[in-house]
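Have the model open as you read.

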Amino acid sequence: MHQTQYHRANSVEEAVNMAQGASDPRYLSGGMTLLPTMKQRLAAPSDLIDLRHIDAMQGVSEEGDMIVIGGATSHNDIATNDIIQSKAPGLAYQASHIGDPMVRHMGTIGGSVANNDPAACYPSAMIALNAVIRTNNREVAAEDFFTGLFDTVLDEGEIVTGVAFKAPEQSGYGKFPNPASRYAMAGVFVARTADGVRVAVTGAGDDGVFRATALEEALNDDFSASALDGKTIDSTGLMGDIHASPEYRAALIVAMAKRAVVLANGGDPDTKAATPAGTAAV
Amino acid sequence: MSEVTLVVNGRKVKRVVEDRTLLVHFLRDELDLTGTHVGCDTAQCGTCVVQMDGKAVKSCSILAAQADGSEVVTIEAADSGYDDLHPMQKAFKEYHGLQCGFCTPGMIMAGIDMVRRYGPGNLDEATVRQNLEGNICRCTGYHNIVKAILAASDEMAKSDTQLNEAAE
Amino acid sequence: MSEGQGIGASVARKEDKRFITGLGRYTDDMKVPGMMHAAFVRSPHAHAKVNGVDKSAALEMDGVIDVLIGPELKADGIGDLICGWAVSSKDGSPMNMGAWSPLATDTVRHVGNPVAIVVAETRDIALDAAERVMVDYDPLPAVTDAVDALSDGAPQLHPEAANNLIFDWEIGEEQATDDALAGAAHVVEVDIRNNRLSPNPMEPRAALGHYNKAEDHYTVWTTSQNPHVARLVMSAFYNVAPENKLRVIAPDVGGGFGAKIYIYPEEIVCLWASKRTGVPVKWVATRTEAFMTDAHGRDHTSTAKIGFDADHKIVGLKVETVANLGAYMSLFSSATPTYLYATLLSGQYNIPNIHANVKTVYTNTVPVDAYRGAGRPEATYLVERTMTQAARQLGVDPAELRRKNFIREFPHQTPVIMNYDTGDFEASLDAATEAIDYKNFESRRQESRNRGKLRGIGMSCYIEACGIAPSAAVGSLGAGVGLWESAEVRVNAAGTIEVLTGSHSHGQGHETTFAQLVHERLGLPLDQVNIVHGDTDVVQMGMGTYGSRSGAVGMSAIVKALDKVEAKAKKIAAHLLEADEGDIEIENGELKVAGTDKTLPWFQMALGAYTAHNLPDGLEPGLKETAFYDPTNFTFPAGCYICEVEIDPETGKTEILRFVAADDFGNIINPMIVEGQVHGGLTQGIGQALLEGVHYDADSGQLITASYMDYCMPRADNVPMFEVSHQTTPCPGNPLGIKGCGEAGAIGSPPAVINAITDAIGTEAVTMPATPMKVWQAIRGAAMAQAAE
């Protein structure tokens, strides 16, 4: 990688100050995406400001009816956290399916949300859970936060300090990984909230994460996998690459939504995914 | 340049390195701990797995400076605390869980971490296979690696039981 | 078997301890005082003219030692890389080989083609400087598909090869085959695409070149499967240095699979650059460089036409193949799609007439050469997909169609050169069908259907030619080298033993299996036997490890050397024991006089050989023997693989539920190691069938699959536990009866997987890799076709 300067911040203010003094700074959270990108010389920030040691950005807590996850909390800590497992099991499941065990020890939710990789898992959960993204100077609704591929409303120097959401009544996630990279090729987060069912899709959209309203309507009527039988997704606006065409991604979205619902209903999506009758294509 | 102080395999080490130095290169080039390998550029192959503060991580995607102040254990010290080899190392040999040996240090470190996370004796074949997502082997077809990790996990459960019985 | 350590025993490996403790020593682990680091400047274009290179900005950087380019290399007399096996076209004309300079001089022909080397104090500085080397390119149109490259108006790669055709080769009798097909009761035609693969040993290639000015001597540590061949080729053809001035060391090597047979530009350039700069130069490939430079494998486009009589006996097979050899001819690239491919088109079957035509083609892609199996997987995939599709079209059971056509008498001369020495194909088919409960498959299919899943079963009966190869035979076919192997057995004065072998071990466990052979013969414990390999200054000339040859050829050389050692040991023992030489027997580390209780411990005999105080008249002191073994025929491992898959029609994802392998490898030294080879081979074959494929952008010639983000390596959750069995017909051609096992899994498994998938989904319209998307598309296509009817 190119030369860079490393700084370790111990507080959010310190991190912001460090960034202000640098020519082309990047915040370093887990580094599981940023460092491989730098190794391939596709990114060359002048300064890296490490956020992992900021105590205030660590861990899961409850503030009234809100669940709050610090931005520097690792995927592994989210996947194994008691509060998340009991109150948002879909998110625990999602976190346990990001990367691999080693990546989950380092990678953080704040880093992932701020990066907004179109194939990252968390953006789908954030939108489906109607979460609020907390930064060092504001709170932004997830739906307003993610603005396109690798793009968010974050200003220069702004830090994702955490995310907060109300516990859903039910939640589940279905992920069909890219066979090679194992990133989501279609990842669907389904949350049953007080305001109705919300379904958000990652890994598939040309502009990144999006809501699948047609699936939401079906699930509002009947929160079961079979409610999605025969539903289709328009492939317009979906990504196409050597691994998956837009049409295939469209089909995967429905299949993964079913898995998410099975999980949300307490089933085991890994074995029951194809159970619903009438799905065989031949 | 950054000064980096680590405890590596129980020994305190201090070096001044370029900030861009990856932990894996720090271990290999500065400390001559060449058992930790580099097999890809994208944090996927797992030949570089070490323990940092008790957890398995990919040392190819961590700066040495990020690890400053941490405790790191590499394959060279995987057997510390055991008379001869770690049960995971023994099982890899006994079950022929390696051929060319290049992925082996990472596999063993990942296997040890798996047993730590699930508890000795609590692994099954599907869990082991799923948890090896971040470790690629081109030689063995994973068959004997899976067997070795399962056997080591059971062996560690057995010796835990024996230790507990002895303590009673 | 003696004490459970000899031939046939599953002994744990002697070499393991260094690998499990992190003490293996690979090329990248080597350090030499003064060592500097190299990075290559590589073409970002698939095809371009190189007008010039501006090094100045790079040379100005702190820590940069030098930047060197192609014209400088040519000026120093370094030769072009060559293909070492001459294959002629059917009209008798020689192959059209284009020039391949280790560093490009005027043209680059694939993405990753090296143009310059930067030598610097650290790897990072070298990479920084490589970005500052300015190469002036004029991009040219590119072609990556071999069939496209043959078409009119395609971009031309080499002036030597008109229409990009390297040679147009044939084997077998065309007229007789055409006649047989014309008279056949049934003819089945099949299109076959064999996907391009990247071998991906986990250790990336590396080289550390060290020129010693005082001695005018070169040493290179490199990731090679055959260090002696590397030295020979670098000396004889590339003018790096004469053999006595060049030492090649291949230390621990992290897998090869064929990719580390060849001599690549990088090791040549590192050696040359070491002399030019006066410092030792180390280069280690990144994984992306590995994808851009390690020889790829396969990449055939074929059609097959097979004819049957009314009784479903095969009457003829006609094959047309276009083989993509990439931008340059790699070392054995001409042999792989010809003598290692078309000679196996008879498969396990009695086929009276075969004709194959192979066109080899230049394209703007990485050079293609032997990858695990090398030609034989391509032959097996073609024959076994054809047999299964024929069975389906004829409405008969695929197992029965195979059974009906098996060769049952040996030796069997096929119409395509090979003479099968022995085998029992039905035994493996029986074992595999029994193991997987073939006859009750339909009830399992129904059970899956009840769960909304599609289950299929597929088989493959493969045969391969291993133990390469009789030197005279390959010489007559154009090989530039002999394919014998050597061994030296050194008995030390205290009786311990070193075996020096030309076979290189990079995962195969030679340090254990070769020692098992010594134990079997002499009864010495394994820890008193060391196997030495991988260093041209230490080991006598050898030919290396590939083509499943180390057991059948390499161990046969050790047997010959041991024969000589034993003969001399018996002479010495007879003299010391005052007995007749013919009465001496060697057992359990002792020399005994048969029928008496007189014994001499092995170490005393050895000591006697070296003290030389009391040797028979005329006998030289010492005990060390060398042998060279040249095989008389190929060996023919064969077997039957059956795979059962379940497909989720919603996602197209294939799960391999069971995989049964029934192999005949002849005699086996260490079953544990042999089964490990099978597991690994099967996984590579399953990788080819389901996951792996090199993908180029057709327009730009860019390599899309240049990292593990896009090239899908098999992982632990892609494969099941394998069920492996052996049926043994000892090979009559070598002293140990070994056939070889290293490649079988990769050769036999792809058609079994695809035959199972196509059985499950009811359409043949799936190509490898059968990714979830392709299977989903095939299911959907079949459903739409059905709906349209």
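Predicted model: local features only at pLDDT ≥ 70, side-chain atom pairs only at ≥ 80, totals over all residues.

1. Begin where chain B meets chain C. Here 49 residues of chain B are in contact with 56 residues of chain C. The two chains bury about 4400 Å² between them, and carbon and sulfur atoms give 55% of that area.

2. Chain B and chain C are also linked by eight salt bridges. One of them pairs Lys17(C) with Asp84(B), with the closest N and O atoms 3.3 Å apart.

3. Now turn to chain A and chain B, where 34 residues of chain A are in contact with 32 residues of chain B. The buried area is about 2500 Å², with 55% from carbon and sulfur atoms. On the chain A side, Lys39(A), Met102(A) and His105(A) lose the most area to chain B, together 25% of what that side buries.

4. Two salt bridges are found across the interface of chain A and chain B. In a salt bridge between these chains, Arg182(A) meets Glu133(B) at 3.8 Å, N to O.

5. Finally, look inside chain C. The crossing is right-handed.

6. Which residues make the contact of H18(C) with H19(C)? Among them are Val678(C), Leu682(C) and Ile686(C) of H18(C), and Ala746(C), Val753(C) and Ile757(C) of H19(C). By class, this contact has 10 nonpolar, six polar and no charged residues.

Notes:
Residues numbered from 1 in each chain as written. Chains lettered and ligands numbered in written order. Heavy atoms only, no water. Left-handed = near helix turned anticlockwise from the far one by under 90°. Helix = DSSP H or I, 4+ residues; strand = E, 2+ residues; numbered from the N terminus. Contact = heavy atoms within 4.5 Å. Nonpolar A, V, L, I, M, F, W, Y, C, P; charged D, E, K, R; others polar. Buried area = accessible area lost by both parts, 1.4 Å probe. Salt bridge = Lys/Arg side-chain N within 4 Å of Asp/Glu carboxyl O.
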